[in-house]
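The exercises below are meant to be worked with the sequence and the model side by side. Try each task before reading its solution.

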Amino acid sequence: MKLGIWCDFGATLEPTQGIGVFVTNLVDALARQPSIESMLLVAKAGEEEKLAPMIPSDANIRVVGNPKPPFIIRKAWKSLRKIERKHLYELFDNKAPDQYERNKRWWASPLVRYLDSWVLREKREWLDSVDLWLLPYVGLDHPFTKPTVVILHDLVTYHFPESVRPDKLAAFQRLVRQVTHQATRVTCMSQFILENDLWKTLTLPKDRTDMIRPAIPKDFSVPQNHQLSSEQTTSVTKLELPEGITPRRYLLYPAGFRTYKNHALLVEVLTKLSQETSEVLSNLQVVFTGISNCPTELSKKIASLGVSDRVHILGKVSRRELESLYRNAYATVVPSLYEQGSFPLMEALQFECPILASDIPSLREQLRSLGSSALYFDPRSDASLVQALRELESDWEQRLRSQLDGFRVMQSRTWDDVASQWSDVFRRTLGEHQSP
């Protein structure tokens with residue numbers, strides 16, 4: 001099987017950030033699957049080198065740049081496709097997906113189809129050189145002639161629309177509908193997301209959907225299921241922390257600033273913690289990392305609460321720096337309101353940092369192997385988070401040991417297991433596509 005993986009979504013997926021972490025781990029494991037003859041990775045033109053860390057040295061993997069047509073052509077093409085999609089959505093929104101699929105061809109504008117062919121002409125050779133395309137993100141407006149497997153991570157903007165302008169949200173919803181209904185199969189990585197987003201929200205047919213859980217990311221300097229030597233551990237632990245950050249005196253949250261990520265809770269909880277009798281809890285600080293800038297509203301909250309000296313916003317950090325932050329943190333806290341799962345929770349445990357997670361279905365699903373050692377809190381209550389931190393503080397060492405015991409169960413699932421399941425989906429997809 002010749003597999004294509006699309007990594008250009010306006011910017012190239014980076015192996016160290018978000019979806020790029022998942023893709024990097026999956027590519028590495030797929031390269032060992034006997035059913036995968038070759039892979040083609042698509043980067044944004046001029047950013048091909050960003051995908052180099054994804055490619056194992058002995059793998060049959062090629063990287064191509066996705067060329068941009070001239071601005072005027074590209075703008076007209078995208079605008080007309082949006083207009084066409086809006087009309088389709090309005091006309092067939094209340095029809096079954098199969099009716100939508102049939103009628104979209106009847107409605108297709110000859111001008112849009114002409115521009116499709118113009119835009120595709122420079123990349124036709126590699127577009128058609130694979131048997132199947134894996135699209136790691138649903139927000140891609142691009143025509144394909146080969147079968148596609150789309151990964152839908154979650155529909156958080158559907159459930160928390162306040163962070164998106166209404167017109168942009170409507171346009172995104174139309175795009176999601178088009179991409180998922182035109183895909184040969186749609187996949188996700190959480191049973192909760194499968195049931196709540198794919199089946200309930202999008203009403204996708206169950207026989208066109210799959211759920212494949214990920215494994216623990218292994219893109220750090222430590223291979224999966226491998227322990228650092230004491231010398232290596234000391235080297236990383238002693239890596240210099242940014243000024244003002246003291247080991248074991250901060251809560252870490254590595255996530256981009258988005259409303260549903262709920263960074264505000266960690267800022268608000270600092271005022272509650274300052275009233276605690278425990279010296280450890282009363283002096284805790286917060287460290288944020290991520291590629292996006294701190295929103296103005298959150299900056300104002302930090303200032304108004306008078307906690308500016310206790311909140312450290314580091315921006316994007318290297319993986320080695322992030323590893324050091326995990327190893328030196330008092331705990332990693334993930335207060336998200338909606339997620340399909342959290343790689344930072346896995347990463348934190350991998351580097352022996354205790355975790356606290358918001359009490360939402362997908363995170364309980366992800367952390368089920370931790371059992372009673374997991375610490376959950378209501379993501380809308382600073383008092384609930386304070387109580388969870390008290391539980392951790394009452395026996396930090398024992399809680400960490402118990403969480404690591406559960407984590408070892410989690411480690412039994414490998415990326416080779418994940419890749420094997422994805423390969424099964426790819427084979428099934430090709431079989432369905434070729435069936436009359």
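Predicted model: local features only at pLDDT ≥ 70, side-chain atom pairs only at ≥ 80, totals over all residues.

**Exercise 1. Find which residues of helix α17 are buried, and decide where they lie around its axis.**

Solution. Begin with the list: in α17 the buried residues are Trp396, Arg399, Leu400, Gln403, Leu404, Gly406, Phe407 and Met410, where buried means under 20% relative accessible area, exposed over 50% and partly exposed in between, with a 1.4 Å probe and protein chains only. Next, look down the axis: these residues cover an arc of only 165°, which puts them on the same side of α17, the arc being that of the directions from the helix axis to the C-beta atoms. An α-helix has 3.6 residues a turn, so residues three or four places apart point the same way. Then ask what this side meets: the buried residues of α17 pack against α14 (343-350), β12 (355-358), α15 (361-366) and α16, a contact being heavy atoms within 4.5 Å. Finally, check the length: α17 (residues 396-410) has 15 residues and reaches 21 Å from its first C-alpha to its last, close to the 21 Å expected at 1.5 Å a residue, the expected span being 1.5 Å times one less than the number of residues.

Helices and strands here are DSSP runs numbered from the N terminus, helices being H or I with at least four residues and strands E with at least two.

**Exercise 2. Work out the strand order of the seven-stranded sheet, and follow its pairing through β4.**

Solution. The seven strands form an open sheet in the order β3-β2-β1-β4-β5-β6-β7, with parallel pairing; two strands pair if DSSP finds at least two bridges between them. At the edges stand β3 (61-66) and β7 (209-211), each with a single partner strand, so one side of each is left without a neighbour in the sheet. From one strand to the next the twist averages 25°, with axes fitted to C-alpha atoms, for helices over the stretch in contact, and angles running from 0 to 180 degrees between N-to-C directions.

Now take β4 (residues 132-135). Strand β1 (residues 2-6) pairs with β4 in the parallel sense over three bridges, and the bridge partner of Ile5 in β4 is Leu134. On to β5 (residues 148-151), which pairs with β4 in the parallel sense over three bridges, with Leu134 opposite Val149. As for side chains, Leu132 and Leu134 point one way from β4, Trp133 and Leu135 point the other way, and all are buried. In a regular strand the side chains alternate between the two faces of the sheet.

**Exercise 3. Which residues does Leu26 touch beyond four places in sequence?**

Solution. Leu26 is found in helix α1 and is buried, with a relative accessible area of 2%. Not counting residues up to four places away, Leu26 touches Leu134, Trp415, Val418, Ala419 and Trp422. Leu26 and Val418 are 392 residues apart in sequence, yet 7.6 Å apart in space, C-alpha to C-alpha.

**Exercise 4. Describe the six-stranded sheet.**

Solution. This open sheet has the order β10-β9-β8-β11-β12-β13, with parallel pairing. Its edges are β10 (311-313) and β13 (376-377), each with a single partner strand, so one side of each has no neighbour in the sheet. Further in, β8 (residues 250-254) and β9 (residues 285-289) pair over five bridges, and in β9 the bridge partner of Tyr250 is Gln285.

Key:
Residues numbered from 1 in each chain as written. Heavy atoms only, no water.
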